[in-house]
Amino acid sequence: MQELQYLTFLISEELFGLGILYIKEIIEFESVTHVPMMPDYIPGVINLRGNVVPVIDLNARFYKKKTETNRKTCIIITEINVENEIIDVGLLVDAVNEVVDITPESIEEPPSFGSKIRLDFIQGLGKLENKFVIILKVNQILELSELQAIQETSSNLM
């Protein structure tokens, strides 16, 4: 039985997970450089070792409210595959929890009701002892047109 590892993190007091293979690093939130004409859920970009990395505020993306930043706020650096090109994207989250093992048998289909989040963002619900982890599809968090706008903007910033 194969166990898959997921990094768990909090967004609006809900527990989310992302496959560990998608994650490059986790950095402390300091600040972002605001970029005009971006969607509300993209507060800006960060400079990560000379690369311009767009940051997606997952609270704003899923719940239509900005993340209240504090000392636990983190940016998860992940890779997203867009038209066979891999780009780095930062995911702004309230807090990072831990890495957990979830077997494929413990992952349920996402429910078609009751979720405040669009179902195309959700891979499934992972069962841990007494709670669920909402497992995200990292490549669905951004839409193609938005990614192209980000790429054009970030190449103009370089």
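Let me begin with a definition: a residue is called buried under 20% relative accessible area, exposed over 50%, and partly exposed in between, using a 1.4 Å probe and protein chains only. Arg-49 is exposed by this rule, because its relative accessible area is 65%.

The structure before you is a predicted model, in which local features need pLDDT of at least 70, side-chain atom pairs count only at pLDDT 80 or more, and totals for chains, interfaces and linings use all residues. Residues are numbered from 1 along each chain as its sequence is written, and side-chain values use heavy atoms, with hydrogens and water left out.

I turn to confidence. pLDDT is the predictor's confidence in each residue, from 0 to 100. The chain averages 86, and 83% of the residues score at least 70. Helices (H or I, at least four residues) and strands (E, at least two) are DSSP runs, numbered from the N terminus. Confidence is highest in strand E3, residues 23-28, at a mean of 96, and lowest in helix H2, residues 144-157, at 60. Where pLDDT is low, the predicted coordinates should not be read in detail.

Next, the interior. A nonpolar core is a set of buried Ala, Val, Leu, Ile, Met, Phe, Trp, Tyr and Cys residues joined through side-chain atoms within 4.5 Å. The largest such core has 31 residues, of which Phe-9, Leu-58 and Leu-136 touch the most other members. Among the elements that give two or more residues to this core are strand E1 (4-11), strand E2 (14-19), H1 and strand E11 (131-136). Setting aside neighbours within four places in sequence, Phe-9 is in contact (heavy atoms within 4.5 Å) with residues including Leu-15, Leu-58, Ile-76, Val-93 and Leu-136.

Helix H1, residues 58-63, also contains Tyr-63. Tyr-63 has a relative accessible area of 17% and is therefore buried. The side chain of Tyr-63 makes a polar contact with that of Glu-14 at 3.4 Å. A polar contact is a pair of N or O atoms within 3.5 Å; within protein, one must be able to donate a hydrogen and the other to accept it, and residues adjacent in sequence count only if both atoms are side-chain atoms.

Now to a pair of strands. Two strands pair if DSSP finds at least two bridges between them. Strand E4 and strand E5 (residues 51-57) run antiparallel and are joined by five bridges; Gly-44 has Val-55 in E5 as its bridge partner. The two strands form a hairpin with two residues between them, and Arg-49 in the turn has a positive phi of about 50°. Four of the five residues of E4 (residues 44-48) are buried, so this strand is largely enclosed by the rest of the structure.

Finally, the salt bridges. A salt bridge is a side-chain nitrogen of Lys or Arg within 4 Å of a carboxyl oxygen of Asp or Glu. The count by this rule is four. Arg-49 forms one with Glu-25, their closest N and O atoms being 2.4 Å apart. This pair links distant parts of the chain, with Arg-49 in the loop between E4 and E5 and Glu-25 in strand E3, 24 residues apart.

Which residue does Asp-88 meet in a salt bridge? The partner is Lys-24, at 3.0 Å, N to O. Asp-88 lies in strand E7 and Lys-24 in strand E3, so the pair ties together parts 64 residues apart in sequence. Asp-88 is buried, because its relative accessible area is 17%, whereas Lys-24, at 45%, is partly exposed.
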